[in-house]
Amino acid sequence: MDGGTEIGWEPHQIALLGGGPPAAVTVALVALHLLGAVETGPRGTLCAAGPEPEGLEPFEGAVLDCLHEPRTARELVRHPDVRLAVALTRIPLAEGGLLGHPWLKPTRSARRSVEFWRQRHPLPPVRHGLTDDDTLLAVALHGDAALMLLLPRFALRTGLAAPGAPGGGVRFSLGRGRFLRWRDEYEDSVTGDWGGTGHGDHAGGGCGSGGGGSD
């Protein structure tokens, strides 16, 4: 789903700069949810639903490929294919001077840019009238607050947001600490095969009861 708008980066890239891999996975899952490509199952799991939508970004496609079997969002962050997709997502960010060596953490310029984008695109007061791209950008920039305002049922059922999280700052419940801090606990290197880059059709839910129902 293309939601980069005038910022020049896709929402999952912005989320990666602001909150690391958990944030990027959250935004990808929200995009897939808005497209009807994932459904929720028991115990906070998600799985692919229906044929693959057209026009998926490679990162979203990689996340969807990992949902042939029900998995939780935390399991997705640790999945080797998603970790490789994160590494590939970092390449253009590093080339753009937004990630520095040797650990590929956001540069000071990147942190300032994320804060500028956050101020330029404040959390909307209501969800009525927002486009899917507006929703993705809000989640990428505002974390839990946007999830609970715009997609509360999906966020709570999948563990993407925690009810009653402390206020202050921009939080991201799937990761650790605050969304503004870089807390990447996963290594950049990935072992094992990528398993191809194609994203074939994803037939049928497989999550069983508990799916369906959108915010």
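## Contacts and overall layout

Two residues are in contact here when their heavy atoms lie within 4.5 Å. With that in hand, we can look at how this predicted model is put together. Of the contacts in the chain with a separation of 6 or more, 68% are between residues 24 or more positions apart.

Eight helices and five strands make up the secondary structure of the chain.

## Surface and interior

How much of the chain is buried? Of its 215 residues, 47% are buried.

## Two loop residues with positive phi

Two spots in the backbone deserve a look while you have the structure open. Arg-43 sits in the loop between β1 (38-40) and β2 (45-48). Its phi is near 55°, a positive value in a residue that is not glycine.

Leu-104 also has a positive phi, about 55°, and is not a glycine either. You will find Leu-104 in the loop between β4 (99-100) and β5 (105-106).

## Buried or exposed?

Which side of the cut-offs does each of these residues fall on? Arg-43 has a relative accessibility of 76%, and because exposed means over 50%, Arg-43 counts as exposed. Leu-104 has a relative accessible area of 17%; the limit for buried is under 20%, so Leu-104 is buried.

Conventions:
Residues numbered from 1 in each chain as written. Predicted model: local features only at pLDDT ≥ 70, side-chain atom pairs only at ≥ 80, totals over all residues. Heavy atoms only, no water. Helix = DSSP H or I, 4+ residues; strand = E, 2+ residues; numbered from the N terminus. Buried < 20%, exposed > 50% of the residue type's maximum accessible area, 1.4 Å probe, protein only.
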